[in-house]
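Colleague: Before I rely on the terms used for this model, I would like to see what stands behind them.

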Amino acid sequence: MKLFAVIIAFIVFSIFSGCSPADNDYGFDSFSAWKHLKKMETIADKCSYIDSQLKKSGLNVYKDSFVASTPLGDRDMTNIIAVIPGKNRDRFIILGTHYDIKELNPPMSGANDGLSGTSVLLALADSLKDPPYDVRLLFFDGEECIVEYNDSDGLFGSRNYADKLYRSGENRECVCMINIDMVGDKDLKYTLSADTDLKLYRKLQKAAEKENLQKTVTFLNGIILDDHVPFKNIGIPSINIIDFNYGPGNSFWHTPHDNSENVSRESLDKTGRIISRMIMEFDEL
Ligand SMILES: [Zn+2]
């Protein structure tokens, strides 16, 4: 009788906890991610917000400022770095995203392009505990080009950081680089670049299958330039997890339609769950 009551209670709990904040193995809280996204839509100084939220999560935060030489002159930029300590402290995984927002007139909030990845990383800063390796959370500045993407325009933050890794020799301790960008579209389907590292792709696919989200992972017939590229260029296995099909025919990308009405918490949830599993169950490449 008692056991029966427990079973009934368990069934009722299971039904009603179907959308509870921490309803997955690794505790990713998409409600928290969504709160970050909505908040950041309203504030200009995203750097200070990210810094304060990471500190609230109990992490050491390092703001790495540098001067970027852009087609429109020098600009001050800042990457933000926080480390989640892992079981093996000798090696690390980079989990990156960009927090700068494309400057447009009229402006866009960048709910998808910039804020979706940033929000997921901020929620992961809270939920990822004791991963196999250190996880370096990298919030890049200056991903967006000022005029046109080329070797000296765009990817300012990631190029700066990859260059520092290479010059210090730390690149040899880096297991891999996972970048996330534009993961908030309501119809979430990753469009992986054709040059994606295959071992990382398999890990992503396996994590997605375990979350019953395997249909979320698709390939694009082309190459996507994003913050993973500077790391790939210095020999670090890299993957860019992005849905580069935002709105009909990607028509919301870099337009005022990129706002929180056109992204969903559920999509942040999918990405948070997949990334959590991919990192927490990471074995050798
Ligand atoms: Zn963009």
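Colleague: How many bridges join strand 2 to strand 4, and do they run parallel or antiparallel?

Modeller: Strand 2 (residues 73–84) and strand 4 are joined by 5 bridges and run antiparallel. Two strands pair if DSSP finds at least two bridges between them, so 5 bridges qualify. I84 stands opposite V135 in strand 4. This is a predicted model: local features need pLDDT of at least 70, side-chain atom pairs count only at pLDDT 80 or more, and totals for chains, interfaces and linings use all residues. Residues are numbered from 1 along each chain as its sequence is written. Helices (H or I, at least four residues) and strands (E, at least two) are DSSP runs, numbered from the N terminus.

Colleague: What makes strand 4 largely enclosed?

Modeller: 8 of the 8 residues of strand 4 (residues 133–140) are buried, so the rest of the structure largely encloses it. Buried means that 20 or more other C-beta atoms lie within 10 Å of the residue's own; exposed means 12 or fewer, partly exposed in between, with C-beta atoms placed from the backbone.

Colleague: Which residues of helix 6 are buried, and why are they put on the same side?

Modeller: The buried ones are L200, K203, L204, A207 and A208. They cover an arc of only 135° around the axis, which puts them on the same side of helix 6; the arc is that of the directions from the helix axis to the C-beta atoms. On the other side of helix 6, L198 and R202 are exposed.
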